[in-house]
Amino acid sequence: DGGRLEACLAEWRRDLCQDSPERVEGLAMDVTDAAARTALFERLEGHFEGALDALVSNVGTNLRKAAVEYSPQEYASILDTNLHASFALSTGAYPLLARGQDSALVFVLSVAGHTHIPTGAPYAMTKAALAQLVRNLAVEWASSPVRVNAVSPWYTRTPLVEGVLADEAYLERVLEATPLGRIAEPVEVAAPIAFLASPAASYVTGQVLAVDGGFLAKGF
C-alpha cells in the first residue's frame, strides 16, 4: 500500500529523524517475487554503501482452517510467504550483513511453531522451520560475524488477528491460557526485536525468545 507507506515514512521522519530525514526510506514490495527482492538488494547496496547492520524478517500470513481443508494453492501461498521468502531475503541480504557493524538478523516467528494450535497447521510448520533456520544460520554465519535470532510472539494486537479476537468466547480462552492475562501490544514485541538487533545483544545468537505473556510455560 503506497499511501500507507508514505504516511509511515512521514511520521518516522518527523518523530525519529528530524535532523536527518533522508536516513528514512521505504519500499513497498511483494517479498515472494524474486525480481522484487533483487531490486531491493540493489537499492540497499546503493543507499547503505554495501553494508547492512540489521535485518528484521517480519513477513507472515495465515489462513485458519483444518489441515484437510487447505487447497494446494493455499498451502503453497503460506509456505511461499512465510518460509521461502524469509529464507531468500536472509540469504540474499547476507553479503550486506557480513559487511555491517555488529550485524544482526532477527526473524519474527510465533508460539505456533512450538506447540499445538487449533487451526493453521501450515502456518505453524513455517514458523517451526524458521526456528531451525535460526540455529543453522547462527552457527554458519558466526565467523562473519552475523548474529541470528528470533522472537516468538503469542497473540499481539495487530490487523492479522483482529477478526479472530473479535470472537469473545475465543478471546476468553486465549486470555485464560495467558498467565499475564492480556493480549500483547505491538511495542512489547518490537522492544525485544530491537534488543536482539542492537549491540546490547552482541553475545546472543541462535536463540528464539518467546514473547508470549507466559503462554508456552502454561500451554493452551
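A crossover is right-handed if, with the strands pointing away from the viewer, the path from the first strand over the helix to the second runs clockwise. Helices (H or I, at least four residues) and strands (E, at least two) are DSSP runs, numbered from the N terminus. This is a predicted model, in which local features need pLDDT of at least 70, side-chain atom pairs count only at pLDDT 80 or more, and totals for chains, interfaces and linings use all residues. Residues are numbered from 1 along each chain as its sequence is written, and side-chain values use heavy atoms, with hydrogens and water left out.

**View 1. The β-α-β unit.** Strand 2, helix 4 and strand 3 form a right-handed β-α-β unit. Strand 2 (residues 103–108) and strand 3 (residues 146–153) are joined in the parallel sense by six bridges; two strands pair if DSSP finds at least two bridges between them. Phe-107 has Ala-150 of strand 3 as its bridge partner, and Val-106 stands opposite Asn-149.

View 2. Four strands in the order 1-2-3-4 make up an open sheet with parallel pairing. Its edge strands, each pairing on one side only, are strand 1 (54–57) and strand 4 (208–211). From one strand to the next, the twist averages 20 degrees; axes are lines fitted to C-alpha atoms, for helices over the stretch in contact, and angles run from 0 to 180 degrees between N-to-C directions. Strand 3 and strand 4 run parallel and are joined by four bridges, with Leu-209 of strand 4 as the bridge partner of Val-151.

**View 3. Helices against the sheet.** Helix 4 (residues 121–140) packs on the sheet and touches strand 2, strand 3 and strand 4, where contact means heavy atoms within 4.5 Å. The direction of helix 4 makes about 165 degrees with that of strand 2. Helix 7 (residues 186–197) lies across strand 1, strand 2, strand 3 and strand 4, at about 165 degrees to strand 3.

View 4. Because eight of its eight residues are buried, strand 3 is largely enclosed by the rest of the structure; buried means under 20% relative accessible area (1.4 Å probe, protein chains only). One side of strand 3 carries the buried residues Val-146, Val-148, Ala-150 and Ser-152, and the other carries Arg-147, Asn-149, Val-151 and Pro-153, also buried. Buried residues of helix 4 include Tyr-123, Leu-130, Val-134 and Leu-137. Among the elements covering the buried residues of helix 4 are helix 3 (72–98) and strand 2.

How values were computed:
Buried < 20%, exposed > 50% of the residue type's maximum accessible area, 1.4 Å probe, protein only.
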